[in-house]
Amino acid sequence: KEFCRRGLLFAWLGPVILCIVWYFLKKNGIIDQLDVLDVIRAVLSILVMSFLAAGVSAVYTLEQLPYPTAGLIQMAVLYFDYLLVYLWNGWLPLSALPVYSLIFLTGFGIIWLIIYLTIRRTVERMNSRMHNPEN
């Protein structure tokens, strides 16, 4: 239930972002026109991708998993979610798979390192305030 709620809450963002990208591609002369079937496939696949990407975040609140395990589940779902949509729409050639994988894994790792450091700093501050209430 929580997975669906989160997915539905944020699924609309994917097609909106896709439209913004198309607008700038058109404005810069990179694309001239789009085929109707390509648009339908792209919008629907981005909608599903966004739904899954938002819904998978429920793994942190619904399951009693350690954060590293939940993070690996989220990473795997996002990796394959994005990869399948990019391949299905022809946005990523198979030859670019190693580069995509490197960029995805590096980006995911950096984001989670930032989140981890932020949470750790917040917890340290809270613990310090509990032990030294006058600070």
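**Exercise 1: Val85**

Val85 is buried, with a relative accessible area of 8%. Buried means under 20% relative accessible area, exposed over 50%, and partly exposed in between (1.4 Å probe, protein chains only). Before you go on, note that this is a predicted model, where local features need pLDDT of at least 70, side-chain atom pairs count only at pLDDT 80 or more, and totals for chains, interfaces and linings use all residues. Residues are numbered from 1 along each chain as its sequence is written, and side-chain values use heavy atoms, with hydrogens and water left out.

Task: find the helix that holds Val85 and list what Val85 touches.

Solution. 
- Step 1: Val85 sits in helix H5. Helices (H or I, at least four residues) and strands (E, at least two) are DSSP runs, numbered from the N terminus.
- Step 2: skip residues up to four places away in sequence, and Val85 touches Ser45, Ile46, Met49 and Trp91. Contact means heavy atoms within 4.5 Å.
- Step 3: for scale, Val85 and Glu2 are 83 residues apart in sequence, and their C-alpha atoms are 23 Å apart in space.

**Exercise 2: Helix H3**

Solution. 
- Step 1: the buried residues of H3 include Ala42, Ser45, Ile46, Met49 and Ala53.
- Step 2: Ile40 is partly exposed, because its relative accessible area is 43%.

**Exercise 3: H5 meets H6**

Task: describe how H5 and H6 pack.

Solution. 
- Step 1: two packed helices are described by the angle between their axes and the distance between the axes.
- Step 2: the axes of H5 (residues 67-88) and H6 (residues 97-131) come within 11 Å and cross at roughly 145 degrees. Axes are lines fitted to C-alpha atoms, for helices over the stretch in contact, and angles run from 0 to 180 degrees between N-to-C directions.
- Step 3: on the H5 side, the residues that meet H6 include Gly71, Leu78 and Tyr82, while Tyr100, Phe104 and Phe108 are among those from H6.
- Step 4: sort the residues of this contact and you get 12 nonpolar, three polar and no charged. Here Ala, Val, Leu, Ile, Met, Phe, Trp, Tyr, Cys and Pro count as nonpolar, Asp, Glu, Lys and Arg as charged, and the others, Gly among them, as polar.
- Step 5: zoom in on Gly71, which is buried, with a relative accessible area of 11%. Setting aside neighbours within four places in sequence, Gly71 is in contact with Tyr60 and Phe108.

**Exercise 4: The cores**

Task: which residues make up the largest nonpolar core?

Solution. 
- Step 1: a nonpolar core is a set of buried Ala, Val, Leu, Ile, Met, Phe, Trp, Tyr and Cys residues joined through side-chain atoms within 4.5 Å.
- Step 2: the largest one has nine residues: Ala53, Val56, Leu78, Tyr79, Leu83, Leu92, Tyr100, Phe104 and Phe108.
- Step 3: H5 and H6 are the elements that give two or more residues to this core.
- Step 4: a second, separate core has six residues, including Leu18, Trp22, Ala42 and Ile46.
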